[in-house]
Amino acid sequence: MNERNALVANAVAAAGIEPAITILDADAKTAAAAAGHLGCEIGAIANSLVFECDGAPLLVMASGAARVNTDVLAQQLGATKITKADPSLVRRATGQIIGGVAPVGHPEPLRTVVDPHLAAYPVIWTAAGTADSVMPLTYHQLLALTGGLALPVR
């Protein structure tokens with residue numbers, strides 16, 4: 001486990017959840033790759049997507065089976081504009097790289113939206129700070145861990 005994984009594990013433990021980070025034998029930068037490594041449905045992968053929402057970072061935890069509709073999300077959040085963050089914003093906001101962004105372990109807590117479709121799975125998998133690491137959570141643990149707002153993202 002490296003420093004980014006340790007930051008995530010510490011944040012998870014501080015929230016009262018036993019960290020169970022798994023280091024994979026290869027990168028899993030996409031939901032399809034992660035699902036293939038884990039042998040689960042793609043919908044059980046919680047993609048950590050960073051957007052720019054009216055000039056500030058917004059983390060969206062979306063089911064791997066979903067495509068985020070930024071217009072719908074902006075309307076629900078009362079935002080003027082939501083766009084996909086560039087890699088430098090992702091790195092500044094999370095301290096992590098695209099493909100490895102965890103729901104926590106960031107330099108500062110991020111405003112977070114959690115896709116309610118993830119509640120359909122008893123276990124969901126998130127990145128754990130690197131592209132080759134994952135961790136299991138329940139939907140309710142993800143909401144509590146991130147302080148996220150449950151909103152449909154599609």
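Guide: The face of α3 turned away from its buried side carries D71 and Q75, both exposed, where exposed means over 50% relative accessible area, buried under 20% and partly exposed in between (1.4 Å probe, protein chains only). Helices (H or I, at least four residues) and strands (E, at least two) are DSSP runs, numbered from the N terminus. This is a predicted model, in which local features need pLDDT of at least 70 and side-chain atom pairs count only at pLDDT 80 or more, while totals for chains, interfaces and linings use all residues. Residues are numbered from 1 along each chain as its sequence is written, and side-chain values use heavy atoms, with hydrogens and water left out.

Visitor: Which residues of α3 are buried, and why do they line one face of the helix?

Guide: An α-helix has 3.6 residues a turn, so residues three or four places apart point the same way. In α3, which spans residues 70-77, the buried ones are L73, A74 and L77. Seen down the axis of α3, they fall within an arc of 100° (taken from the directions from the helix axis to the C-beta atoms), so they line one face.

Visitor: What covers the buried residues of α3?

Guide: Counting contact as heavy atoms within 4.5 Å, the cover includes β3 (56-63), β4 (82-84), β5 (111-114) and β8 (149-150). Strands pair if DSSP finds at least two bridges between them; β3 and β5 do so in the parallel sense over four bridges, and β5 and β8 are parallel over two bridges.
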